[in-house]
Amino acid sequence: MSSLDPDQHLQLGCRDKTTVSSDSSDTHEPAKPPLHGLKLASHAVLEKAQQRGRLKCSKCGGSRMFFCYTCCSLLGVSLQEIPSIKLPVKIDIIKHPNETDGKSTAIHAKILAQSDVTIYTYPCIPEYEKDKVVLVFPGPGAVSVQDMMQCLRDRSDSRSHDPYEPCIKRLKSEEVQGATHAAESAGTPDEAEGSESRVYPLQRVVFIDSTWNQTNKICTDERLQDLLQVELRARKTCFWRHQKGKPDTYLSTIEAIYYFLKDFHEHCVAREYKGEYDNLLFFYSYLHSVVNKAKISAGKC
């Protein structure tokens, strides 16, 4: 464990409010070993990098392992040696300014899906179109991933029929940013067209990267108030440092993104999930195994 950056020991501890389940505990998925059955790229490159030890970031001068979480750059490994993931929708992560970079798993998503993930530090929030963007965050009005697309279509239809709003023309499939990447990789043109219609009009998904106590300021920001809220249900974190008094449904940011995309693929793209986004947990799963091995060696498990 001494060769790992102390800050990175805590990266999986970034718990956000995005996935608090409203379901009772008996509705959770059957218990499985943490990160069971994932289709991951080989961790050999990370094992070698860990053996070499921490490196100094050429940009900020920080001592890091695998990547610099301040500069979003790799250290000791190259882009060619790690998986690169194309996402079916764009992901925006709104990070609380007081959230320590080294404790956040948002950087995992940015490094592994660079072209589809953007991280903003609050109060910097883009202007969003409420019928094309959703916020993954629990609340009384939050809907499931299964119901999300119909709710967005209802919003879009309502807006297009409003005489005081400009007519919103249906976007052509090639104009929908990132909405059909997953569908384009396989299937006939007819199948691809069917998938495109199923994911329209969603263009972007917003996640909050913050501890529980810091979320209120961001989620109540007026720029996010009109967005449809989506709540992930029946998911348990596999983070090994459970905080007293906190339920196990508080997912890290990277877990929340992964589970959303998995559900999105199954319920919105309507295709069997075959591990398309498992590599989003490439760094997460490796750090999880390193910490668990250390605990076993120390007789704490």
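The crossing of helices α2 and α9 is right-handed, a term used when the near helix is turned clockwise from the far one by less than a right angle. The model is predicted, with local features needing pLDDT of at least 70 and side-chain atom pairs counting only at pLDDT 80 or more, while totals for chains, interfaces and linings use all residues. Residues are numbered from 1 along each chain as its sequence is written, and side-chain values use heavy atoms, without hydrogens or water.

**Helix packing**

- Helix α2 (residues 44-52) and helix α9 (residues 282-297) pack at about 55°, and their axes are 11 Å apart.
- The two helices, α2 and α9, are therefore oblique to each other; angles under 35 degrees count as roughly parallel, over 145 as roughly antiparallel, 65 to 115 as roughly perpendicular and the rest as oblique.
- From α2, Val 45, Leu 46, Glu 47 and Gln 50 meet Phe 282, Phe 283, Tyr 286 and Val 290 of α9, where contact means heavy atoms within 4.5 Å.

**Aromatic rings**

- The structure holds seven aromatic pairs, meaning rings of Phe, Tyr and Trp (its six-membered ring) with centres within 6.5 Å; planes under 30 degrees apart count as stacked, over 60 as edge-to-face and the rest as tilted.
- One of them, Phe 66 with Tyr 286, is edge-to-face, at 5.8 Å centre to centre and 75° between the planes.
- This pair links strand β3 (residues 66-68) to helix α9 across 220 residues.
- Phe 66 and Tyr 286 are both buried, that is, under 20% relative accessible area (1.4 Å probe, protein chains only).
- Phe 67, Phe 282 and Phe 283 form one aromatic cluster.

Conventions:
Axes are lines fitted to C-alpha atoms, for helices over the stretch in contact, and angles run from 0 to 180 degrees between N-to-C directions. Helices (H or I, at least four residues) and strands (E, at least two) are DSSP runs, numbered from the N terminus. Buried means under 20% relative accessible area, exposed over 50%, partly exposed in between (1.4 Å probe, protein chains only).
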